[in-house]
Amino acid sequence: MIKHYSIVALAFLLSACTTAPQQGDTVLETRVLESNTITTSAAVIDIDYEERSVTIENQNRIVVLYVTPEVTRFDDIKVGDFVTTEYTETVAVHVQTQDGETRIQTSGDLDKAKESVDAMEQVQVVSDILAIDTTLGNVTLKQPHGGELTLPVEYPENLHNVSVGDQVVMTYTKAVIISIDNQSQEMPVTR
């Protein structure tokens, strides 16, 4: 009987140890604050293969796109094809335990699109929580470039879940997807 309790106590202690927050663990899950997507379609009205440019037209608006050498399907584009562009911007935020210095990190390949011409870029800003005011519903953050910033919190009921020293991580994402459709009988090219 005592052996049984010892095993249960040991299991409880081990589970308590593994649930202690580790460096960089998420304290408050990611919440998307804003997201916007714009989708447009345009007809290819001219191509300069030597200069690697494509001229497209949408609603009497003409735009010249210069295509980088990394886009491997450039030679497949023909006058009369339709280009669909989907551009998305998103801002998300989460809170994590301390995992290092405040910082700004950039990642992505928005300028190196390949194959289907899709790419994304992210900028992450990591700020330390210096103070929490539950009465006013705001936090004071140490910014990556120095200085402090006090901001109101959208959901003040979550302030009891965070601590001074935790980090707020704001992620700004830009993404673009460009697809090329062969000429359609239904969408005539207008010049």
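Two residues are in contact when heavy atoms lie within 4.5 Å. Keep that in mind for the first stop. The model on screen is predicted.

**The whole chain**

Start with everything selected. Of the contacts between residues at least 6 apart in sequence, 68% join residues at least 24 apart. Now colour by secondary structure. The chain holds one helix and nine strands. Read from the N terminus, the order is α-β-β-β-β-β-β-β-β-β. The accessible area is about 12,800 Å², and carbon and sulfur atoms hold 54% of that. Buried residues account for 28% of the 191 residues.

Select residues 26-48, which is β1, and residues 82-96, which is β4. These two strands pair antiparallel, over 14 bridges. Pick R31 and look across: V93 in β4 stands opposite.

Go back to R31 and show its side chain. Which ring does R31 lie over? The ring belongs to Y155, and R31 sits over its face at 3.9 Å from the ring centre.

**The cores**

Next, select A42, V44, I47, V54, I56, V67, V71, F74, I77, V83, V176 and I178. These twelve residues form the largest nonpolar core. Strands β1, β2 (53-58) and β9 each give at least two residues to this core. The largest share, three residues, comes from β1.

**An aromatic pair**

The chain has one aromatic pair. The ring centres of Y49 and F74 are 5.6 Å apart and the planes meet at 70°, so the pair is edge-to-face. The cut-off for that label is over 60 degrees.

What does the pair tie together? Y49 is in the loop between β1 and β2, while F74 is in the loop between β3 (61-66) and β4, so the pair links parts 25 residues apart in sequence.

Are the two partners buried or exposed? F74 is buried, at 1% relative accessibility. Y49 is partly exposed, with a relative accessible area of 38%.

**Two loop residues with positive phi**

Stay in the loop between β1 and β2 and select R52. R52 is not a glycine, yet its phi is positive, near 55°.

Move on to the loop between β2 and β3, and pick N60. N60 is not a glycine either, and its phi is positive at about 65°. N60 is exposed, with a relative accessible area of 72%; the label needs over 50%.

Select residues 118-133, strand β6, and find I132 in it. I132 is partly exposed, at 26% relative accessible area. Setting aside neighbours within four places in sequence, I132 is in contact with N138, V139, L159, V162, S163 and V164. Draw a distance from I132 to L159. The C-alpha atoms are 7.3 Å apart, while 27 residues separate the two in sequence.

Slide along β6 to S127. Is S127 buried or exposed? S127 is buried, because its relative accessible area of 7% is under the 20% cut-off. Residues up to four places away aside, S127 touches T102, L141, K142, Q143, P144, D166, Q167 and V168. For another distance, take S127 and L149: their C-alpha atoms are separated by 9.7 Å, at 22 residues apart along the chain.

For the last stop, select residues 138-142, β7, and residues 148-152, β8. Five bridges join these antiparallel strands. K142 was among the residues touched by S127; here K142 stands opposite E148 in β8. Between β7 and β8 lie five residues, and the two strands form a hairpin. Finish in the turn at G146, where phi is positive at about 90°.

How values were computed. Residues are numbered from 1 along each chain as its sequence is written. This is a predicted model: local features need pLDDT of at least 70, side-chain atom pairs count only at pLDDT 80 or more; totals for chains, interfaces and linings use all residues. Side-chain values use heavy atoms; hydrogens and water are left out. Two strands pair if DSSP finds at least two bridges between them. Helices (H or I, at least four residues) and strands (E, at least two) are DSSP runs, numbered from the N terminus. Buried means under 20% relative accessible area, exposed over 50%, partly exposed in between (1.4 Å probe, protein chains only). Accessible areas come from the Shrake-Rupley method with a 1.4 Å probe; for residues, only the protein chains shown count as cover. A nonpolar core is a set of buried Ala, Val, Leu, Ile, Met, Phe, Trp, Tyr and Cys residues joined through side-chain atoms within 4.5 Å. Rings of Phe, Tyr and Trp (its six-membered ring) pair if their centres lie within 6.5 Å; planes under 30 degrees apart count as stacked, over 60 as edge-to-face and the rest as tilted. A charge sits over a ring if NZ of Lys or CZ of Arg is within 6 Å of the ring centre and within 35 degrees of the ring normal.
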